[in-house]
Amino acid sequence: MKIDFHLEGAQDCREALAGFAASLLPKAARGMADGLEAMAREARSLAPVDTGELVSSIQAEPVTQEGEEAMGCVRAAADHAACVELGTEHQPARPFLFPACQAHRDTLLQAVAASIREGLP
């Protein structure tokens, strides 16, 4: 027994799906930026304030797109940020970044999902 199967348009379908997936990446990146900003706001509210340098150095970095990936981060650029977050032998840790990221992990995921949904037909 022999069965021949021919599907027309499969390549067109594959190309359309690939284009659709690629169109979602900028939307996901926009949602990621929104979620990272929520994390940065929380980190600024949790960071201890002495001179204000640490708080003012906490920023959501711009989301970049490379290939099929979107990347972003929240950064505390003050020289003493790691010492405050992790502590030293003379100063106990006073975490602000990790708790902010944990508190807003779902916020980030929801922001990405909402941005992607906006792009669906």
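A: Helices (H or I, at least four residues) and strands (E, at least two) are DSSP runs, numbered from the N terminus. This is a predicted model, where local features need pLDDT of at least 70, side-chain atom pairs count only at pLDDT 80 or more, and totals for chains, interfaces and linings use all residues. Residues are numbered from 1 along each chain as its sequence is written, and side-chain values use heavy atoms, with hydrogens and water left out.

Let's start with serine 57, which sits in helix H2. Serine 57 counts as buried because its relative accessibility is 13% (buried means under 20% relative accessible area, exposed over 50%, partly exposed in between, with a 1.4 Å probe and protein chains only). Its side chain reaches the backbone oxygen of leucine 54 at 2.8 Å, and a polar atom of that side chain lies 3.2 Å from the backbone nitrogen of alanine 77. Leaving aside neighbours within four places in sequence, serine 57 is in contact (heavy atoms within 4.5 Å) with Arg75, Ala76, Ala77 and Ala78.

Leu54 and Ala76 also belong to the largest nonpolar core, which has 23 residues; together with Ile58, Val74 and Phe96 they touch the most other members. Such a core is a set of buried Ala, Val, Leu, Ile, Met, Phe, Trp, Tyr and Cys residues joined through side-chain atoms within 4.5 Å. Helix H1 (10-46), helix H2 (53-57) and strand S4 (74-76) are among the elements giving two or more residues to this core, and H1 supplies the largest share, eight residues.

Notes: Polar contact = N/O pair within 3.5 Å; in protein donor to acceptor, adjacent residues only side chain to side chain.
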